[in-house]
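Please open the model in your viewer and keep a selection tool at hand. The stops below move from one place to the next, saying at each what to select and what is there.

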Amino acid sequence: MVKKDKAFLIIDNIVLILVALFCILPFVLLFSSSFSNEQAILHEGYSLLPRHFDLTAYKYVLNGSNGIIRAYGYSAAVTLIGTVLSLVITTLYAYPVSRKDLRGRSVFSFLLFFSILFNGGLIPTYMMWTGTFHIKNTFAAYIVPTLLMNGFYVIMARNFFAQNIPSAILESAKMDGAGEFKILWSIVVPMSKPILATLTLFISLNYWNDWQNGLYYVTKDNMYTIQVLLNRMLLDTLYMQQGLAKNMAGSIGASMPTSTLKMAIAVLGALPVMIIFPFVSKYLTGGIVVGAVKG
Amino acid sequence: MKKAKHKKINWALYVMLIPGLFYLLFNNYIPMTFTVIAFKKYNFQKGVWGSEFVGLENFKSLFSTRDSWIILRNTVGYNLVFIVISLVIGLALAILLDELKSGKAKRRYQMSYLLPYMISITVVSYIVYALLSTDTGFINNSILKPLGLEPISWYSRPKYWPFILTAVNQWKWLGYNCIIYYSSVISIDDGYYEAAAIDGATRWQRIFHITIPIIRSTIITMTLLQLGSIFRSDFGLFYQVPMDSSALMNVTNTIDTYVYRGIKSVGTLGMSSAAGLYQSVVGFVLVLLANYVVRKIDKESAMF
């Protein structure tokens, strides 16, 4: 029996390791390719170990004149501002609907729910934001459409508030004469750190990784975020050569390391997420479990 | 008495709701009314309300094209395959993880499975490109060449893409599925397993007669909810991963990519908005249906 158990554990581990390799090796390919020599890649292809270790691609990236650094800055700004605004609007909606004594609570909950179940789709949303609000090529195009308030996140926050904040505490704060905003800020928010941390993680991931708002609403290449730039470069090789080269004319000419540069920029697009990953994986798993069925 | 009741209305709470309500209004509710353009011949100058009403014309032209069948087949077909495979893989991994003894190892595996879930689909497309590019791709150069096989120009061969897209989708989501099932597997009371061990149950018997029956409701709920969104597709997966290659359109065009392409060319905007509305309405009905069934099986898991 014990022997059999051991054999099973070995096979179990082998299967799990193979799956882990399936998940991780593509990242190794991406990283190694970005640290390779352009000529070597052109002759022998992308590989799991860097071919003739070479930092040329990163030198081009860091050469501030080509817009990649600027795109990076845009991504950072969008993520930061978007996450803060989104957290505020989400909490402000979730708290009142978590309160059983709110009149009309069911109406506000329904408005939220129905917005998740039924949506007009891309074309009406696009018409709204471009036609009525003229959001094209503005900073708000990255922040506002679709991403600013996710119904599922509001529900997650609402459920947390309803289950974890005893109404007795709220009552006694009211007795002491605290207003609702004061209660929200100094009682509810500090007591809801786990859910707020989880939402911060998911919302900031959504903003950092978003490329669709950029695809729909941004056409100026000096406003690209890193994800939009990546999207544009992949689908449009010509843009890659002309768009980047025109800003660096002379310094590179025809010798731009296109194949490795692509991978270097993709690495940069994934890097912040991978750096924070070990620190946030606990919240990530927690959030997936909570959000799974309800989201 | 009346006065006391009046005092109870706490205006501050309503003030808090205002930004969210405005957002719902502009992002969701007003655009819902714009779906009428599916029944109009859209004219940019005249706008949504001024354009000429054409009844079901857009729907007629949509359903008379071959595209309507292809986008329906692709959207629903891929979803069905994804649902089955993610259930099998997610569940299997969850059970295999649970059998491990070391908590540290469990966490390490989980973390490596979640890595692809974290990154954007744009970065995923670059990784796929690194694998499949005809001239510089890993598969052509480092696998097919040493085997003496001819390189394949992946981005123009539709027949491989159902498999590629399924693999990429699994790669991105297996960690997520694994965690959902794992969280319900670990919540099973150890007492069941101890009793089974005393009765001399084998590992397989334990898995099929205890684990799976107990987490049945999670399995059913997850599957039904995914069935409810069978009319939706991951736009990035079908648009960006195949690099918008027109040679692959037959196997990569879904309702979402079709609708997006409509924005770009005014000529098909009518049909695209018809497709969008069709997706919203059928999707809505399916979600309600799925939720109704979930409610019958496991009230706790129902969305509403």
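Begin by selecting B:R203 and B:E99, both of which are buried, where buried means under 20% relative accessible area, exposed over 50% and partly exposed in between, with a 1.4 Å probe and protein chains only. B:R203 forms a salt bridge with B:E99, their closest N and O atoms lying 2.5 Å apart; the term stands for a side-chain nitrogen of Lys or Arg within 4 Å of a carboxyl oxygen of Asp or Glu. Because B:R203 lies in helix α11 (residues 203-214) of chain B and B:E99 in helix α5 (residues 66-99) of chain B, the pair ties together parts that are 104 residues apart in sequence. Helices here are DSSP runs of H or I with at least four residues, numbered from the N terminus.

Before going on, note that this is a predicted model, in which local features need pLDDT of at least 70 and side-chain atom pairs count only at pLDDT 80 or more, while totals for chains, interfaces and linings use all residues. Residues are numbered from 1 along each chain as its sequence is written, chains are lettered from A and ligands numbered from 1 in the order in which they are written, and side-chain values use heavy atoms, with hydrogens and water left out.

Next, select B:R261 and B:D244, which form a salt bridge whose closest N and O atoms are 2.7 Å apart. This pair links distant parts of the chain, 17 residues apart, with B:R261 in helix α15 (residues 255-264) of chain B and B:D244 in the loop between α13 (235-239) and α14 (249-252) of chain B. B:R261 counts as buried because its relative accessibility is 17%, whereas B:D244, at 25%, is partly exposed.

Moving to chain A, select A:R99, A:D101, A:E171, A:K174 and A:E180, which are linked in a network of salt bridges. Over all chains, a search of the whole structure finds nine salt bridges.

How many salt bridges does the rule find across the interface of chain B and chain A? Show both chains together: the rule finds zero salt bridges there, although the count of residue pairs in polar contact between chain B and chain A is 22, both residues being at pLDDT 80 or more. On the side of chain B that touches chain A, helix α2 (residues 11-33) of chain B gives the most, with 18 residues. A polar contact is a pair of N or O atoms within 3.5 Å, where within protein one must be able to donate a hydrogen and the other to accept it, and residues adjacent in sequence count only if both atoms are side-chain atoms.

Colouring this interface by contact, meaning heavy atoms within 4.5 Å, picks out 93 residues of chain B against 96 residues of chain A.

For a last stop, select B:L131 in helix α7 (residues 121-132) of chain B, which counts as partly exposed at 25% relative accessibility. Leaving aside neighbours within four places in sequence, B:L131 is in contact with A:L29, B:G137, B:F138, B:I139 and B:N140.

Notes
Helix = DSSP H or I, 4+ residues; strand = E, 2+ residues; numbered from the N terminus.
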